[in-house]
Structure formats: C-alpha cells, structure tokens
Amino acid sequence: MSSSDHPSLPRTIAALSYLILSPPLDEMTALRIPSALKFSLLLVSIFLFLRLFLPKTAALAGALSLALMPRIFGHAHLFSLDIPIMVWWFWTAGAAFLVMHGRLRPIWFGVVYALTFTTKLHSVFLPFPLLAWAAVLIFLKSDSRHVLIHRLCWAVGWAALLTPVIYIGLQPWLWHDTWTRIYERFIDYADKASDRPIPLYYFGNQYGKNTPWHYPLVMFAFTVPLSILFFFLWGFISPLCSTLRYKMEQNRVIILENG
C-alpha cells in the first residue's frame, strides 16, 4: 500500500458503497452515494439539535438554510472530503454540547471525535474552540461549575483514549510499522501546509500563506444566499432590540415609581 496524506474512513465508506451498489449503479454514482446520505443525516441532525431549544418551525428553517445553499447542495453530490468533514465537525460540536449539558455520556463524545479525526487530520484543531467554549460555559455557570468540569474531564479523557485506537484500528495501512508511518503522515501533512500552500486568488491578487483578514467575511457574504443572510441578521438583531426595549421599559417603570 502507498502512503496517504488523509485518513481512510471516507474512502473506505465509498469503497463499500461501490462494492455493494456497482452494479446496478455506475461507478461514479455508487461512490457518491455516501456523501448524499451523510448530507441527509446532517440535515436531520441539525433539525433535531435545534429542536432541543427552538420551535419546530425555527429548527426546520435552520436545516433548510443549509440545504438551500447552492454550493453546499452541489458538494453534497460529489465524492470528496468536504461533506464528511462538515458532517463530523458538526456532530463533534453537537456531542460536546450534549455532554456538557448532561444529555450524552462522555464516552460518545470520544467516539465521535475519534471518527472525526479519522476523517481528516485537521480535526486536531477542533478541540481548541470546543475547550474555549467549555471554559466560557464553566465560567458563566458558577452554580454547577464542579459538575461541568467533571463532564469536561471525562469527555477529554475518552477522546484521548479512543482517538488513537480508532484512528489506527480503521486504517490497515497503519497496522505495520505503525509509529514510523504515523510520524511520516503527520510530517508530510505539515510540510505540505507550510511549504506548498494552496494559492488563493482573491480580488485580482494571488496569495500564498498570508490571506487578508477580511477574506472569510467577504466569502461569507458572497456565498451565502441573500435571503439566508437577511434572516441571519434579523435573528441576530431582533433579540438585541427586544432586550434593549425591555431594559428601557424597566427603567421607565423605576422612574415612574420613584416619582
């Protein structure tokens, strides 16, 4: 077997789909079926997750907002890593949320994160925003701080234990000369990221390592449909306005009571 920069979970699932579905389906269709199924499961997951704290209409709107993005919808029908990465990152973040709120056992977060890591190596960066979010939650929830720290430690412990086991267990190429091949894979991945960056063409200029700070904001505005942007801003601004009106009303009542 030859070396590879990426873990093999998405390719293994695609290969199984090919073996099972081709024939009667043609090769390309059989390889693309897993991406479409994962995208469908992602939409269902978003809906069910939002239903934990939002009405049914709002949860459905959240799921449809992703489904109706043309670029996302197009990628959902391709044999690539984009959809698996998006699916597993969401499931990992959702599992972290459920664990910290006592709705899921920490061991399941460890399993989900391990499978995310087995989808693509850049999942090594995912714990940083999750730990930052958990730290803020622990700081704000002072009355249940001990319980939250306990859940966080168990989740981190299970992830640290299960990730190398599942990562190696699902990749036969790593079963022989394991440590050398893992080292070479990570070093090769890091070298490609630092020495051979993918060039970015942006507003008439080509960038290598130093991307302008406003690039993600501009791309967000240009790639998300206008209707979704409108409702996003409305959903963000409306609660702020309601809170402001409530505070002003409270102040007015206090002034009237004090004469």
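**Entry 1: H5 and H6**

I began with how H5 and H6 cross, and in this predicted model the crossing is left-handed. Next I looked up the geometry: H5 and helix H6 (residues 106–117) pack at about 165°, and their axes lie 9 Å apart. Angles over 145 degrees count as roughly antiparallel, so I noted H5 and H6 as roughly antiparallel to each other.

Then I listed who touches whom. On the H5 side I found Trp88, Trp89, Trp91, Thr92, Ala95, Ala96 and Val99. H6 answers with Pro106, Phe109, Val112, Tyr113, Leu115 and Thr116. I sorted the residues of this contact by type and got 11 nonpolar, 2 polar and no charged.

**Entry 2: H2 and H5**

I stayed with H5 (residues 82–100) and turned to helix H2 (residues 27–50). Their axes come within 9 Å and cross at roughly 25°. Since angles under 35 degrees count as roughly parallel, I put H2 down as roughly parallel to H5. H2 passes H5 in a left-handed crossing.

From H2, the contact takes in Ser35, Lys38, Phe39, Leu41, Leu42, Ser45, Ile46 and Phe49. From H5, I wrote down Ile83, Pro84, Met86, Val87, Phe90, Trp91, Gly94 and Phe97.

Methods
Residues are numbered from 1 along each chain as its sequence is written. This is a predicted model: local features need pLDDT of at least 70, side-chain atom pairs count only at pLDDT 80 or more; totals for chains, interfaces and linings use all residues. Side-chain values use heavy atoms; hydrogens and water are left out. Axes are lines fitted to C-alpha atoms, for helices over the stretch in contact, and angles run from 0 to 180 degrees between N-to-C directions. Helices (H or I, at least four residues) and strands (E, at least two) are DSSP runs, numbered from the N terminus. Angles under 35 degrees count as roughly parallel, over 145 as roughly antiparallel, 65 to 115 as roughly perpendicular and the rest as oblique. A crossing is left-handed if the near helix is turned anticlockwise from the far one by less than a right angle, and right-handed if clockwise. Contact means heavy atoms within 4.5 Å. Ala, Val, Leu, Ile, Met, Phe, Trp, Tyr, Cys and Pro count as nonpolar, Asp, Glu, Lys and Arg as charged, and the others, Gly among them, as polar.
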